[in-house]
Amino acid sequence: MRNSLISTGIDESTAPLLEYAESVAALHRAAGKTGDNAPGFFIQTFGCQQNEADSEKLAGLCVLMGYARVARPEEADLILVNTCAIREHAEKKALSIIGQYKHLKDANPSVVIGVGGCMVTQELRVSKLKNSYPYVSFTFDTGAMQYVPKLVYNALSGGKRSFILTEEWNLNEGLPSLPESPHSAWLSIMYGCNNFCSYCIVPYVRGRERSRPVQAVIEEARQLIANGAKDITLLGQNVNSYDGGTDIAGLMRRICALEGDFRLRFMTSHPKDASDRLIEAMAEEEKIVKHFHLPVQSGSDRILKAMNRRYTFDSYMDRIRKLRETVPDVSVTSDIIVGFPGETEEDFEATLRVMREADYDMVYSFIYSPRNGTPAARMEGQVPREVSSERMSRLLSLEAEISDRRNSRFEGRTLRVLADGISKNDPDMLTGKGDPVRPIHFKADPSVIGRFVNVKIKKTSTFSFEGEKEE
Ligand code: SF4
């Protein structure tokens, strides 16, 4: 199935900027670059699902400008790099890739290169790109995607290089989106974060929380479903505090009421905002996937306070208990940071305890690494790397033990699975997703990709499930 452009709400201030897209397309038409001869675009995306969703909007803008997607940067006439700032390592990686594009510009001086995303909301990075990467034509921060057609038009018509820091923190309404997959879709419902966890850069690079109007979200969901979406993930840095005219529970119930055979997920949640209403909606609405990602980060109240997480071990476990009582067989996953400044052996033991008591299906664990610009980077008591690594290996073996046991409960059961694509590890198998958090591999004809099938689970391991499609 071919993807169609999805329109994402209405914003009158965006419309005049989108007229530049037509001006860019007109330049291509005048040069005879249309149809099979259309110029190519390539988008390199770093970071989280929010960035992936933003890149789908950038792809939509590229199509409006008359570009066609190509598979490799070498084939592109327009290269956009959507960067991440969550760790300094991610920024260095993006800068290194951008550095490699210099030879493409040398080989073809008409290539236009633009850099967007969280990294370029920081003045220091913008001036580095401006001064040390002369082949980069423009940057645009996370609130400035609507300027991209104007920036491309300026670059193509010999205008000056532009390095804008708008700090507009808008809702990115009114931009077209070109979903990567016709059957699995991201749907941004809010942007930014008000929580200021002491280790996190997000509130500084994505601004304060703002929710998209409920009608705009529902209309986009309707279009995604009409376009063939079967698995929709509502996205936001803290989706639990959505307030675009209703709360997250109300929003999900309204999306579930739309006609169509689809399933709904959401991420990411903050434990302090995981309401009873949301948990009850998950229990009652058949279309909501029975998986709750509830990042705990640490089990120690002392460390949680230093992280500014605004919950305790007890209040976190209260949410887990409510979830398990209300949604039978729910899969629960979490994020954990090991070696946060000041973490003692006793604090780490509390983290292992929360893992045992919450009985997670899966944990995304990270060794703490200081992020410049956050309060935690200046804290005393940075934990030596060898101590963090040793704790991490204990955490991973506990996780494997818990995951193995949790996963085995699915053995022998028949699950409703969305066939997502060919397995990366075995071209004879398909891979799919259902309520369990691990991917499900099964034998079936590739013609079922994009459809729900019933799969009987034969074998489970720590990282995946294996099964057979039932007729
Ligand atoms: S809630 Fe998440 S996005 Fe917001 S500051 Fe904390 S870790 Fe960062």
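Guide: Gladly! Let us start with a term: a residue counts as buried when its relative accessible area is under 20%. Please keep in mind that this is a predicted model.

Visitor: What makes strand β15 mostly covered?

Guide: Strand β15 spans residues 331–338, and eight of its eight residues are buried. S331, T333, D335 and I337 point one way, V332, S334, I336 and V338 point the other way, and all are buried.

Visitor: Why is T83 called buried?

Guide: T83 has a relative accessible area of 0%, and the cut-off is under 20%, so T83 is buried. T83 lies in strand β4, residues 78–83, and touches residues including F46, N51, A94 and V115.

Visitor: How do you know that β14 and β15 pair?

Guide: Pairing takes at least two bridges. Strand β14 (residues 291–293) and β15 have three bridges, in the parallel sense, so they pair. Within this pair, H291 stands opposite S331.

Visitor: What joins β15 to β16?

Guide: Six bridges do, and the two strands run parallel. Here T333 stands opposite M362 in β16. Together with helix α13 (residues 345–358), β15 and β16 make a right-handed β-α-β unit.

Visitor: And which residues surround the ligand?

Guide: Among them are C193, N195, F196, Y199, Q237, H270 and R309. A residue belongs there if one of its heavy atoms lies within 4 Å. By class, the shell has seven nonpolar, three polar and one charged residues. Arg counts as charged, so R309 belongs to the charged class.

Note on methods:
Residues are numbered from 1 along each chain as its sequence is written. This is a predicted model: local features need pLDDT of at least 70, side-chain atom pairs count only at pLDDT 80 or more; totals for chains, interfaces and linings use all residues. Side-chain values use heavy atoms; hydrogens and water are left out. Buried means under 20% relative accessible area, exposed over 50%, partly exposed in between (1.4 Å probe, protein chains only). Helices (H or I, at least four residues) and strands (E, at least two) are DSSP runs, numbered from the N terminus. A crossover is right-handed if, with the strands pointing away from the viewer, the path from the first strand over the helix to the second runs clockwise. Contact means heavy atoms within 4.5 Å. Lists of a residue's contacts leave out its neighbours within four places in sequence.
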